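Please read it with the coordinates open.

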Amino acid sequence: MSQAYRAVGWNRQKRRYDATLGAGVAAYVAIFVGGGFALDAQATAETLLIRACGTAALLLLHVVLCIGPLCRLDPRFLPLLYNRRHLGVTTFLLGATHGVVAIVQFHALGDVNPLVSVLVTSRDYGTLAGFPFQQLGLAALCILFAMAATSHDFWLRALSAPVWKTLHMLVYVAYALIVAHVSLGALQAERHPVLPALLMLGVALVVGLHVRAAAHEMPGDVDRTAAALALPAGFVDVCAVDDIADSRARTVCVSGERVAVFKYGGKVSAVSNVCRHQNGPIGEGKVVRGCIVCPWHGYEYRPADGCAPPPFTEQLPTFAVRVVAGRVLVDPTPNPPGTYVEPASLTSVLP
Ligand code: HEM
Ligand code: FES
């Protein structure tokens, strides 16, 4: 959480994460290049390096994209999420090495600026085989660069969470561009069916996990069986008090708003389900020492007013909540972020 910019410390867990990542990437590139020479004595080091870095970047991009939905489906993947940005920066560095070596290899010997050469070499947009696929790789690389360059929390604060999040959602555009780059480039020359099959498997995995996570996150239908109760005007019956475990939340969707309804210390409060840091699922967090703790990176909020405890300044929208005859009722209209709402007591009755 951030009240003012602070450099993030390099702790033991981060060092271990980065060492594992670095060793994994180095081993992949070494095996790819070594294996390439063993299988084909005519292969050049440049071509093998281009291929090793390109495929490593694409593999890592799959990991980056799959971590989010995996964490939503199973919290045991959360440790991978904490330093996901390191994976993103490594993906960019691998993509950049691949792109730079490819430009040197294929564009540096003419009398045109190599970068201009990438843009003008082929303009055969009408055919699959002649499509200028390298331009797609270049566009993807620009997006990965923008994301890597702004990946630090300093930029999150400087740009504001919504702008930063929108910028980082461009990773899906970069992914689509790279899939097209590979399909229209390397796969046009390569006739072996295993490679397109692997690419399709990767796309199916990314899409499938996102669809499953969305279905899993879809809050259960708001139960209106208690409609017979004389509900206070504007309130919606969302669940039974007993449906919520102590110090935990139930996430519901009321009138299009995702609301996390927390039960803690004999009270119930409702706040927006969307964390101000990186839109993490607040409702999957728990109340610890009086504060809701976001499950993704540990931002904290007070349940009653949605405010981060001082000196931090983040604020969540809150919702009016009541408990009537063992049922939890929520007013779907969000209050401005940081508005105090009296928690509903578990013993309260209709006024
Ligand atoms: C300036 C940007 C880029 C250029 C000029 C470029 C160029 C190329 C070229 C010439 C090939 C064919 C290589 C061959 O058949 O030996 C290729 C293939 C490939 N590219 Fe790129 N690329 C760029 C960016 C990227 C990025 C950002 C990624 C992934 C993050 C990527 C992933 C791949 C993959 C997976 C392949 C197929 C494997 C291979 O043949 O290397 N490329 N690229
Ligand atoms: S999304 Fe990072 S702490 Fe909530």
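**Conventions.** The model is predicted: local features need pLDDT of at least 70, side-chain atom pairs count only at pLDDT 80 or more, and totals for chains, interfaces and linings use all residues. Residues are numbered from 1 along each chain as its sequence is written, chains are lettered from A and ligands numbered from 1 in the order written, and side-chain values use heavy atoms, without hydrogens and water.

**Overall fold.** The protein has 11 helices and 11 strands. These are DSSP runs numbered from the N terminus: H or I of at least four residues for helices, E of at least two for strands. The C-alpha atoms fill a box of roughly 85 × 40 × 35 Å along the principal axes. Of the 351 residues, 43% are buried. Buried means under 20% relative accessible area, exposed over 50%, and partly exposed in between, with a 1.4 Å probe and protein chains only. Contact means heavy atoms within 4.5 Å. Among contacts between residues at least 6 apart in sequence, 55% join residues at least 24 apart.

H98 sits in helix α4 (residues 84–107) and H181 in helix α9 (residues 171–184), so the pair ties together parts 83 residues apart in sequence. H181 is buried, with a relative accessible area of 14%.

**Nonpolar cores.** A nonpolar core is a set of buried Ala, Val, Leu, Ile, Met, Phe, Trp, Tyr and Cys residues joined through side-chain atoms within 4.5 Å. The largest has 33 residues; L87, L94, F262, V271 and I282 have the most contacts inside it. Elements giving two or more residues to this core are α1 (12–39), α2 (45–73), α3 (78–82), α4 and β3 (257–264). The largest share, nine residues, comes from α2. A second, separate core of 26 residues includes L141, I143, V171 and A174. Beyond its neighbours within four places in sequence, L94 contacts V25, C53, A56, A57 and L60.

**Two helices.** The expected span is 1.5 Å times one less than the number of residues.

| Helix | Residues | Span, first to last C-alpha | Expected span |
|---|---|---|---|
| α6 (133–149) | 17 residues | 25 Å | 24 Å |
| α9 | 14 residues | 20 Å | 20 Å |

The buried residues of α6 pack against α2, α4, α5 (114–120), α8 (161–169) and α9. Among them are L138, L141 and M147. In α9, the buried residues include Y175, L177, I178 and H181.

T91 belongs to helix α4. T91 is buried, at 2% relative accessible area. Not counting residues up to four places away in sequence, T91 touches A57, L60, L61, V64 and L144. N83 lies in the loop between α3 and α4. N83 is buried too, at 3%. Leaving aside neighbours within four places in sequence, N83 contacts Q13, K14 and Y17.
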